[in-house]
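Student: Could you walk me through this model? I would like to start with how the chains meet.

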Amino acid sequence: MKIDILEMTPTKAELVISDTNPMFVNALRRTIVSDVPKMAIDNVEFHLGPIMDEGGTAYESISPLFDEILAHRLSLVPVPTDLDSFIYRSKCSCNGEGCPSCTVMYSLNKKGPCTVYSGDLEPIGSEKFRVKDDLIPIVKLADDQALLIYATAELGTGRQHSRWQAALGAGYRYYGKIEIDHSKCDVGLSCVNVCPRGVLAKEDKKIVVRHPENCTLCNACTEVCDTGVIKVSGDPSKIIFRFETDGSLTAKEVLIKGLKILEERFETLREQIGKLEE
Amino acid sequence: MIIPVRCFTCGKVIGSAYEEFVKRVDMGEPPKDVLDALHLDRYCCRRMILTHADLIDEVAPY
């Protein structure tokens, strides 16, 4: 198996995996979507009763949205994750009570009128857990309204709830194999013009395949060609795989962790089969 | 009500793009160019922004 990187940014990855098959790539896709862990806010405590400011003005601790909706919105905010320094709360030595090696605490204190943004979440402890995308509106507060919230983030997987889903928009498609019979081609250019992805181009009085990685196998070129010299087919052993992340983890971390989880799983399977043979 | 934090379909964070989108479209930029500039490539994320009715200011007094 060979992996070529077409694009690798912190939030987006596009890879060409060759000498493989759809079953393997699908296993990888399912793993990075549902089994790669990340941090997300899981528990939100709302202060009840009046909130006083320094001047002695009393604010009501309510907002236009229900507390449940607010908690849900907070849970979907991507929280920076360091996979090496955190473990699942249920497997932590604190027995699920919450300690610095399994949870991150946030506080949010805002008085209306204003818009509460994700950037208003103040991490308690290290500044490195500050939410990177600080412009997500959480709620708008009217006059005399205020929020005082303590939220805890913990590790989880996409299998439990989508707030812990590390990768999004993960998908794969076959690499396009485009064959042109140059001896019969009349270079009418209709195929070049009809291709919605700019795969084909004219070079030295010949139609050439310039960007095969963009081909979506739509077959528009074969349909428009009068002479029938273009053949488009998918190659199941060469697959374009791509996914994005929400910014909690980088695309590279997600990919490496996903492959590691797959490896561990196959290793346990191998051990169990080995036991059967004895 | 208020712009959802994430796209309902794919889960991309779109909440942070909404205010910039509204500001730039009000200044006369074509919505298509703004959506492209905000890296909202899939049509599921684009419809979240395009079809959103921001009603929270009308609900807030109650």
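**Where the chains meet**

Tutor: Let us begin with one pair: Arg42(B) forms a salt bridge with Glu244(A), and their closest N and O atoms are 3.0 Å apart. A salt bridge here is a side-chain nitrogen of Lys or Arg within 4 Å of a carboxyl oxygen of Asp or Glu. Please keep in mind that this is a predicted model, in which local features need pLDDT of at least 70 and side-chain atom pairs count only at pLDDT 80 or more, while totals for chains, interfaces and linings use all residues. Residues are numbered from 1 along each chain as its sequence is written, chains are lettered from A and ligands numbered from 1 in the order in which they are written, and side-chain values use heavy atoms, with hydrogens and water left out.

Student: Which one lies inside a chain, say with Arg89(A)?

Tutor: The side chain of Arg89(A) meets that of Glu154(A) in a salt bridge, at 2.8 Å from N to O. This pair links distant parts of the chain, 65 residues apart, with Arg89(A) in the loop between helix H2 (67-75) and strand S6 (103-111) of chain A and Glu154(A) in strand S10 (residues 146-156) of chain A. Helices (H or I, at least four residues) and strands (E, at least two) are DSSP runs, numbered from the N terminus.

Student: Back to the interface: how much area is buried between chain A and chain B?

Tutor: About 1,700 Å² is buried there, and carbon and sulfur atoms give 57% of this area. Buried area is the accessible area (1.4 Å probe) that two parts lose on being put together, summed over both. Of the area that chain A buries against chain B, Arg73(A), Leu76(A) and Lys140(A) supply 28%, more than any other three residues.

Student: And how many residues does the contact take from each chain?

Tutor: It takes 23 residues from chain A and 19 residues from chain B, where contact means heavy atoms within 4.5 Å.

Student: New topic: how is chain A divided into domains?

Tutor: Chain A has domain 1 (2-35 + 168-243) and domain 2 (38-164), with bounds that come from an automatic or database domain assignment. The centres of domain 1 and domain 2 of chain A, taken over C-alpha atoms, are separated by 43 Å.
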